[in-house]
Amino acid sequence: MHRLEGKVAIVTGSASGIGAETIQLMAREGAKVVVADFNLPGAQDIAERIIAAGGEATSVFVDSTQEESVKEMIGHAVSTYGKLDILHNNAGGSKPIDVDVSNMTKEAWDFAMNLNLTSVMWGCKHGVLAMRENGGGSIINTASVSGLLGDHSYTAYGVAKAGVVNLTRYVATQEGKRNIRCNAIAPGLIITPASEAVYTEEIKAQFEKNNALSRLGSPKDIAQAAVFLGSDESLYMTGHILQLDGGSTVHQPNLS
């Protein structure tokens, strides 16, 4: 407990799923938190839960694809709590229209890039500017194993997440001397309301079979890693891509 005592944290996409689990754990670990999401009522609900549990929280609307909205979100954190120590650029997603390259449309490509890569860039830009004023901080980006491997579909999503991987390294390189760290988490399949709506039991069973571990991931698995990356326990870690995939990418495909 209290691993984030005295720190101020923002998590985007924190009205549900991984983001909701992460922001609540950060609050339990002592951070003052900003619950940021496009779904403002959902964000307000999570903030109220945190406050009811004895934490300190506020909520704010953010459209992560729009620079001005991201800037306002970070301004809200600084004006409310005086600084920004941790920014988890977690918002993202995909649509079934994101298919293979031969059937790709501009709509599918632009949607994936804006939501999964451009949004992270805006967060990094304005997070960095706030953290410079504070003398340092930790930026955490949500990438994906889809950004490290090929697949039959969700092409634009995977390419965008690959961009997040290298954006993380660029920010780490450019801002390290200012005591700003930037790392990424690359989850495998995590069971959330969003993934439950997309993946059938048959597909989930296939993912589980391919894992080295005996289960699929949960939001708590990602939240615990994000707390570590935001805490002083990881002060000498930057530019790192932390794969949390149950071991699905550590073995030859014939072993699945």
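The expected span of a helix is 1.5 Å times one less than its number of residues. In this predicted model, helix α8, which runs over residues 219-230 and has twelve residues, reaches 16 Å from its first C-alpha to its last, close to the 16 Å expected at 1.5 Å a residue.

**Helix α8**
- The buried residues of α8 are Pro 219, Ile 222, Ala 223, Ala 225, Ala 226, Val 227, Leu 229 and Gly 230.
- These buried residues pack against helix α1 (17-28) and against the strands β4 (86-89), β5 (137-142), β6 (180-187) and β7 (241-244).

**Helices α4 and α5**
- Helix α4 (residues 106-134) packs with helix α5 (residues 155-175) at an angle of about 15°, and their axes are 8 Å apart.
- Because angles under 35 degrees count as roughly parallel, α4 and α5 are roughly parallel to each other, and their crossing is right-handed.
- The contact brings residues of α4, among them Trp 109, Met 113, Leu 117 and Arg 132, to residues of α5 that include Tyr 157, Lys 161, Leu 167 and Glu 175, and the residues of this contact divide into 16 nonpolar, two polar and three charged.

**Helices α3 and α4**
- Helix α3 (residues 67-81) packs with α4 at an angle of about 35°, with the axes 9 Å apart, and α3 passes α4 in a right-handed crossing.
- On the α3 side the contact is made by Glu 67, Val 70, Lys 71, Ile 74 and Val 78, which meet Trp 122, Gly 123, Lys 125, His 126, Gly 127 and Ala 130 in α4; the residues of this contact divide into five nonpolar, three polar and three charged.

Definitions and conventions. Residues are numbered from 1 along each chain as its sequence is written. This is a predicted model: local features need pLDDT of at least 70, side-chain atom pairs count only at pLDDT 80 or more; totals for chains, interfaces and linings use all residues. Side-chain values use heavy atoms; hydrogens and water are left out. Axes are lines fitted to C-alpha atoms, for helices over the stretch in contact, and angles run from 0 to 180 degrees between N-to-C directions. Helices (H or I, at least four residues) and strands (E, at least two) are DSSP runs, numbered from the N terminus. Angles under 35 degrees count as roughly parallel, over 145 as roughly antiparallel, 65 to 115 as roughly perpendicular and the rest as oblique. A crossing is left-handed if the near helix is turned anticlockwise from the far one by less than a right angle, and right-handed if clockwise. Contact means heavy atoms within 4.5 Å. Ala, Val, Leu, Ile, Met, Phe, Trp, Tyr, Cys and Pro count as nonpolar, Asp, Glu, Lys and Arg as charged, and the others, Gly among them, as polar. Buried means under 20% relative accessible area, exposed over 50%, partly exposed in between (1.4 Å probe, protein chains only).
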